[in-house]
Amino acid sequence: MQEQNEQDFVTLDDWDFDVEEETTNVVYVKETIDDNKKARSSSIPSLNILKDFGNGFRKLKGQKINVHTSESAYAPRVCKLSTDEILRLGGQKFIQSTESSVSGLDHPFGGALFSLRDEDYSRSVELVERLLASAEKVEEKLFDRAINLLNECEKLSSKSGNPVERLVYYFSGALRERVDRETGKESTKSVGLHDMQDLQNALRGINACTIAVQDMPICQVVKFAGIQAIVENIGNAKKVHIIDLEIKMGVQWTILMQALTTHPKNSQNHLEYLKITALLSGVDQSRTNVEETGKRLMSFAESFHIALCFKIVEVEDVADLKREDLDIDPDEVIAVYSQYFMSNLLTQQEKLDSLIGFIGGLNPRIMIVAEVEANLNSPVFANRFIEALFYHGAFFDLFEDCMKNDESTRMAMESEVMWHGIRNIIAVEGEERRIRHVSIQLWREYFKRFGMVEIRMSNSSLYQAKVVVDKFSGGNSFTLQMNENYLAIGWKGIPLNSLSAWKFRKRNPFHGVYLTL
């Protein structure tokens, strides 16, 4: 159990949220090679994963952190079904149409569909049913029938409609591009490597979407709770070295600087310097943008009278990293920060292995890992489609509630960020499919190979997460839950991100085993 200090960054006297125990464990799906064989005979008609969603699969469970938001902070315009609920009802209707021998009342979705009376909801449910039928035909390579269904979807959906209509608009577009690719249409635009690089480069510039992403409550929860964990683990270190695997705008380090200046231990022992090393690898990052981030951080540090050393370490390949590149002082306490970075290397196993091994060799005091909490790496198209549909559906619902006063930014987020991701997940296969997120359960299994030990997120980190969520309109729809040692962040019960903290065991060179530090 991690020791708590009442004066570490936050005061727990103000801690006013509750933690409740849930008895049901989270269930995860782990894809295997056999899934490819199953796909040939069952594909979407088996509906196993869709039924799982109806049973509450992927709903957050564990220790629930109750978020108390005042009515004035969040006043829903009307009592309405969430996008997730409509997707489940559409799934029920699709199941009924494909398994007519089974009564709808016996399905995991229950009889909710029969009590649905609102005309708008009925249209949305039918739209979801058509989308699922389209995906089924694409999976079965019945492309003519798929195109007919997609034509219906496109007539009834819109990028400016309600969340379900917008979601179906983008997913039907991705399905159509998949059909075009599989039928060899020359007009198909690449949605793979170049397309994703263009998006990533655009997001690394300062624009409305970049700022909106950084300002999203989910991203802020990751930053504040993650930095809290770092502060607790670096203790009274006089020399602190942060290694950021993908720094982006670097907002998280302004939070750290503020925390260090108010941290009693560091105030008493006079922090000598803070060193931030920004890793720049491959072709996906812009050195100019990282340099601008460094200038902003240097200016911020100066205002807080912190001696900051900012360095960019640029390598073509993460496998080329060397300890001497980082200018590590033996007296430094090292912390590593990885926010949505490692999943980029899932298709490059050797590089990922090399990176984790290299980090372990640095013996960091703590490593913070934030990743998407979704299984978007399945080799089975049907499973990947359903998982992506519910995952993105939660985001479209979130945007509807939290960006209702900024429609232009919402539309830009959906048409630029969400659309590019949906296309890459749905329309392409092989090396071109670069978005391959997996659940933390799979990350755990992988990290074990490198002697990594998970640290439970502290109450202070949970407090930071709760404070962030409380500030936002729609805050009571955010879900913060402790599942085992990590913090799961979701929207209306659907997990979206995970935040976890890790330490490395020291390897015994004589026996090839790991020793707990």
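Buried means under 20% relative accessible area, exposed over 50%, and partly exposed in between (1.4 Å probe, protein chains only). The structure is a predicted model, in which local features need pLDDT of at least 70 and side-chain atom pairs count only at pLDDT 80 or more, while totals for chains, interfaces and linings use all residues. Residues are numbered from 1 along each chain as its sequence is written, and side-chain values use heavy atoms, with hydrogens and water left out.

**View 1. The salt bridge between R166 and E400.** A salt bridge is a side-chain nitrogen of Lys or Arg within 4 Å of a carboxyl oxygen of Asp or Glu; here the N to O distance is 3.0 Å. R166 lies in helix 6 (residues 163-182) and E400 in helix 14, so the pair ties together parts 234 residues apart in sequence. Helices are DSSP runs (H or I, at least four residues), numbered from the N terminus. E400 is buried at 17% relative accessibility, and R166 is buried at 0%.

**View 2. The salt bridge between R130 and E152.** Their side chains meet at 2.6 Å, N to O. R130 is partly exposed, at 26% relative accessibility, as is E152, at 33%.

View 3. S461 has a relative accessible area of 1% and is buried. Leaving out residues up to four places away in sequence, S461 touches A225, Q228, A229 and E232, where contact means heavy atoms within 4.5 Å.

Note on methods:
Helices (H or I, at least four residues) and strands (E, at least two) are DSSP runs, numbered from the N terminus.
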